[in-house]
Amino acid sequence: GVFQFESGGMKNFLLKLHPQNFADLVSALALFRPGPMGNIDMFIRRKNGQEKIDYLVPELESILKETYGIIVYQEQIMQILSKMANYTFAEADNIRRAMSKKKEAIIVAEREHFISASIKNGYQEQKASEVYDQILKFANYGFNKAHSVSYALIGYQMAYLKIYYPVYFIGNLLNMTIGSVTKTKEYIALAKQYNLYLLKPCVNLSTKGYKIGDNKLRLPLSIIKNVGLNAENDILAARTTPYQDFFDFVAKNYGKSVTRK
């Protein structure tokens, strides 16, 4: 139920990663995609102190420290180009885009420009060449950090609500997935896991959707097999006063969408 973090693969990744701050969540979202997935094990080892974090040139530490020396974000590529070779951010973004689209002519031409500009800034030619190769390697996989931050923030807020306000969180998840048998089963199992009290559907007490309150969830009529949304709407509309018994219920709903079934 937590946005971006609920899949089995992501949960396994987080269990190994042991995220300790918001930046770790941002990185996790950027890495958990088909391209960068190859760097996940190295990222986990470095983050958990099982592998040495190295930087090709010391000046890159300020840019790559939060991702343990691994280029994860598109913005980091732009920062490296700017720091070492004085590219403007607009120029750097154009180069990054050309790299991700594998525009060979631009990549080759820019290599010379990057290396010569880096040498003028006091970097060794070999190091500048290695950095350019590393940028090239990650340009395909780089994720937009602003995008990742936005996703991580929503996921973090949802995780907070799930922990501290489970009845409201799970109740609203269930309300969002009315009509989906699979998700309804999944979230009702979650409600039981959180020891929330599930009250049976009731013609006089159920409302449209799940009724939330006092650590309890009252199930809607639509959860009953063969009771569709039209039938539920008619039953609630006819309930101007509480139903007295089965005969009163039949009389008030006769001839509407409430069938014998």
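Predicted model: local features only at pLDDT ≥ 70, side-chain atom pairs only at ≥ 80, totals over all residues.
Q: Is Asn 226 buried, partly exposed or exposed?
A: Asn 226 is partly exposed, as its relative accessible area is 49%. Here buried means under 20% relative accessible area, exposed means over 50%, and partly exposed is in between, with a 1.4 Å probe and protein chains only.

Q: OK, back to Asn 226. What's its phi?
A: Positive, about 80°, although Asn 226 is not a glycine. Most residues other than glycine have a negative phi.

Q: Where does Asn 226 sit?
A: In the loop between β3 (216-218) and α12. Those labels are DSSP runs numbered from the N terminus: helices are H or I with at least four residues, strands are E with at least two.

Q: And what about the phi of Lys 102?
A: Lys 102 isn't a glycine, yet its phi is positive too, about 55°. Lys 102 is in the loop between α6 (89-100) and α7 (104-120), and it counts as exposed at 54% relative accessibility.

Q: Zooming out, how many helices and strands are in the chain?
A: The chain has 13 helices and three strands. Its radius of gyration is 28 Å, well over the 18 Å that the globule rule gives for 261 residues, so the chain is more spread out than a compact globule. That radius is taken over C-alpha atoms, and the rule is 2.2 Å times the number of residues to the power 0.38.

Q: What box do the C-alpha atoms fill?
A: Roughly 90 × 40 × 25 Å, along the principal axes. Of the 261 residues, 38% count as buried.

Q: What's the volume of the largest pocket?
A: About 580 Å³. On a 1 Å grid over the protein atoms alone, a pocket is an open set of points with protein on both sides within 12 Å along at least five of seven lines, a cavity is a set where a 1.4 Å probe fits but cannot get out, and lining residues have an atom within 4 Å of a point. Grid points are joined across faces, edges and corners, and a volume is the space filled by probe spheres set on the points.

Q: Which residues lie nearest the centre of the largest pocket?
A: Val 2, Phe 5, Lys 11, Leu 14 and Lys 162, out of 24 lining residues. The elements giving two or more residues to that lining are α1 (8-17), α2 (22-31), α9 (145-164) and α11 (181-193).

Q: What classes make up the lining of the largest pocket?
A: It has 14 nonpolar, six polar and four charged residues. For the classes, Ala, Val, Leu, Ile, Met, Phe, Trp, Tyr, Cys and Pro are nonpolar, Asp, Glu, Lys and Arg are charged, and the others, Gly among them, are polar.

Q: And which residues are nearest the centre of the second largest pocket?
A: Phe 249, Val 258, Thr 259, Arg 260 and Lys 261, from a lining of 19 residues. Two or more lining residues come from each of α12 (229-238) and α13 (246-253), and α13 gives the largest share, four residues. The volume of this second largest pocket is about 410 Å³.

Q: How many cavities of 30 Å³ or more are there?
A: One. The largest cavity has a volume of about 40 Å³, and its lining includes Leu 31, Asn 39, Val 72 and Phe 138.

Q: What does Asn 39 touch?
A: Leu 31, Ile 70 and Phe 138, leaving aside neighbours within four places in sequence; contact means heavy atoms within 4.5 Å. Asn 39 lies in the loop between α2 and α3 (40-47) and counts as buried at 9% relative accessibility.

Q: Is Thr 67 buried or exposed?
A: Thr 67 counts as buried, at 0% relative accessibility. Thr 67 is in the loop between α4 (61-64) and α5 (74-85). Not counting residues up to four places away, it touches Ser 27, Phe 43, Val 72, Tyr 73 and Gln 76.

Conventions:
Residues numbered from 1 in each chain as written. Heavy atoms only, no water.
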